[in-house]
Amino acid sequence: MHIPPYYKKSTWQRFLAGAFAGAIIAYLIFVYMFGSMYGDMLEENRELKSEVTELKNRNEALLDDNKDLDKKTKEEAKVETIEITVINPNDLPDRLIIHELENLIKDEIDHIVGKKVSLISESYELMTSTIENKDFTIDDFDIQVTIKKLVITKAVELSVKAEVYSGT
């Protein structure tokens, strides 16, 4: 039995070349779409992890405060949450770094949750210098932060400016 040599005809050659090129283009589109979807899911995952960590820390601090509240009838206001805002997110190389940076800063000053607001407001310079003098390393990027705005109430609000630099 003889198989006809269709590969020699120019119409078949064009068809096979087009099918091959179409397969390559379809694969590249698939890889791009999958990559962007995976990046969005990764960002959402990091946001949810940071939210869970913050809620756990807040819950522990509030449970400790609740025990002390039974002993005292009148208490001063205490710090309940820490909110951090990066005012220049476009200057950072990746939007996923923002969440990591916020988590690192929260971990650095996490000890103030549950403390009296008056005590924290007296020592705000120490907290400011602690954050500004620390170099945060995230994914091979060294990041230096500068506090632009600090509000100390039951919810401590920090607005920071982040700058990526080479530590060499």
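Two strands count as paired if DSSP finds at least two bridges between them. Helices (H or I, at least four residues) and strands (E, at least two) are DSSP runs, numbered from the N terminus.

This is a predicted model: local features need pLDDT of at least 70, side-chain atom pairs count only at pLDDT 80 or more, and totals for chains, interfaces and linings use all residues. Residues are numbered from 1 along each chain as its sequence is written, and side-chain values use heavy atoms, with hydrogens and water left out.

**Strand pairing**

| Pair | Sense | Bridges | Example partners |
|---|---|---|---|
| β1 (residues 81–86) and β4 (residues 155–165) | parallel | six bridges | Ile84 and Leu158 |

**Nonpolar core**

A nonpolar core is a set of buried (under 20% relative accessible area, 1.4 Å probe, protein chains only) Ala, Val, Leu, Ile, Met, Phe, Trp, Tyr and Cys residues joined through side-chain atoms within 4.5 Å. The largest one has 27 residues. Leu101, Ile105, Ile131, Ile143, Val145, Leu158 and Val160 touch the most other members. At least two core residues come from each of β1, α2 (95–108), α3 (117–122), α4 (124–132), β2 (135–138), β3 and β4.

Val145 has contacts (heavy atoms within 4.5 Å) with Leu101, Ile105, Ile131, Glu132, Phe136, Val160, Lys161 and Ala162, not counting residues up to four places away in sequence.

**Annotated segment**

The unreviewed UniProt entry annotates residues 12–34 as "transmembrane region". Such annotations may be inferred rather than shown by experiment; positions follow the numbering used here, and feature names are shortened. Over residues 12–34 the chain is 100% helix and 0% strand. The end C-alpha atoms are 33 Å apart.

Notes. Buried < 20%, exposed > 50% of the residue type's maximum accessible area, 1.4 Å probe, protein only.
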